[in-house]
Amino acid sequence: MTTDIATPAVAPDEASPAGASTTAGVELLYTLSTAPFPLLVSPATGAYRLADLTLVLTRRASRAIECGGITISVPVGPGATALAAQTTGMTASTNPTGWGAAVAPSGVVSFTPPGGVAEIGKERGLALSVAKVPVNRAEGRAPLTVTVRWRVPGDPSENPWSTETVELRVPKFPSTFSLGELRADPLRIAYGGSVALSWQAAGGNFRLRYKKADISVTDRDGYTAHNITQDTLFQLHGTSSSGSGEAEAVRSVLVTVAVPDLVTPTLTATRSVLTDRLASGIPRISFVPLFTASAAEHRPELSMRSFDPRLRRWSEPVRLPFGPAASPPAIAVRDGKLHLLFRPYDSEQLTWAEYGGRAWRTLANSPGPAAAAPVTLAAAGTSLICAYQTPSGEQVTRTSTNGTSWGAPSAMPAPLSGAVALYWDGSALYAAMREFLVGFTLMGLYRRDAQNQWQRDTGSSTPQPPVHSPELVLWKGNLTCFYRSYLGQVWAQWRPKDGPEASWNTQRLDDVRASNNVRLVVGGPALYMLFPDSEGTLHLRSSDGSKWSTAAPVDEYRTLETPALAWYGDRLIAIGRGGACPP
């Protein structure tokens, strides 16, 4: 079983309609709502029920983009995956007005901006409406395909236009299904108070969810929640099964607390902080009050950036919808999908997710429980290989040959600290790690043989003790290991892919000083390197095989930890913990 995940959002300057669901594309957010909600199928005989669809498009990043034509493909027919029984009588409009709109007999609704181009921003979105849709008589989930032609304003390139396509599911419920408004009494409570919830629902299975609570409320019409200490969103989920999958509708209500516990990514006090949960600074070392371990926890969340080498431009970082991460993430590309692996904050089970260019979804078959330590993910032909530390401290690898499940764990050498770097060269799996040997901290290089036994490469040497995690890449026919030393210097060791162990070469990159790991990936004809400087500002540089480019800052957001890096499609993807990102 998989769970589709979309980043929640609200259209600018508007309250989100009941049942609105948001899907995140790479450039835009797509918030879809239906009227009526929930959407019921038409009766077995007689006239069709009419429905209105509203789709709000808003920019994910702060920089606006220009859009050309937009199409919404409404599936037409009698089946479970079709929405409209016919297109007769359907109309289309936009807000703001002025766009051209046309409904084709095939169900493709075309929207044309005035003058051929219109701007969509984070604070100035676009609402597309398709009205009087005759809903067919089959229960199920109908996919709407939305295609947006877009470009960056002022792009001087010869062909600046790109296309973004997303698929949005519209659930159709049986005529016996109902999910009325979720009500809370009172809507504002004192700290630690209680709230009574009530609703009317029938014809399906129903669950009430808030915070970490998940309560079955089928055949009930009320529930009282106690000890509410912070603003809380209560959600009533109603589901109904059909041949095309499970349809789900959600009603929500927000209850606020007069003096709540505060949860915020950044807190700035311009004058003073008054609390009994601060400890004084260490004498003669710091006069700044420090939070005690019991009063402050570091719960960083994951964010994603992308880099378009054609435009030489990074996207704004976007927060991913997975919650706090207890380990740095690992990413790899398999079969056209970007895979993500990390240890969440509130569970030992590793989270495994994939991204197909539209939205993230969590995969059910986790590799298993892990310690809160760095993890590794690498592509090996058509397989994925992960390496991680179990809760008992054992270092293991597991392989997924199908992208949906994992094989049995296999033991491997354990690093002194940091993550293991893995690389598959087409015939063998290599590993690099920081290790302690004969009284020294060294970079250990290993090769897994045909019997799945790890053999140490005795031909490598380490001129400076490594810190943090290394990186392995195959570049210009050479197996190359990059790592950082204690003084921030970056070193490269390489030998021909099929060369003898004694043929390793070593070089220091004199013009690089990194405060954390260096991340490298081959993308097209270039090798890209990502690293933070001494101030925590991420920098990117590239090499064509003869020389390195000048390091260029990524953005203004600082970080203590280098994001994981991958080449996906035609651009770089960086996913990491910490660093500021827009809400």
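Glu471 finds its bridge partner in Phe482 of β41. The pairing belongs to a predicted model, where local features need pLDDT of at least 70 and side-chain atom pairs count only at pLDDT 80 or more, while totals for chains, interfaces and linings use all residues. Residues are numbered from 1 along each chain as its sequence is written, and side-chain values use heavy atoms, leaving out hydrogens and water.

β40 and β41 (residues 478-485) run antiparallel and are joined by seven bridges; strands here are DSSP runs of E, at least two residues, numbered from the N terminus, and two of them count as paired if DSSP finds at least two bridges between them. Both sit in an open four-stranded sheet, ordered β40-β41-β42-β43 with antiparallel pairing. At its edges are β40 (466-475) and β43 (505-513), each with a single partner strand, so one side of each has no neighbour in the sheet. From one strand to the next, the twist averages 25 degrees (axes are lines fitted to C-alpha atoms, with angles from 0 to 180 degrees between N-to-C directions).

Turning to the nonpolar cores, these are sets of buried Ala, Val, Leu, Ile, Met, Phe, Trp, Tyr and Cys residues joined through side-chain atoms within 4.5 Å, with buried meaning under 20% relative accessible area (1.4 Å probe, protein chains only). The largest has 36 residues, and Tyr30, Leu57, Ile70, Leu83, Val146 and Val148 have the most contacts inside it. Strands supplying at least two residues each include β3 (28-35), β4 (50-59) and β12 (162-172), but the largest share, five residues, comes from β11. A second, separate core of 25 residues includes Phe37, Leu182, Ala249 and Val257.

Notes: Buried < 20%, exposed > 50% of the residue type's maximum accessible area, 1.4 Å probe, protein only.
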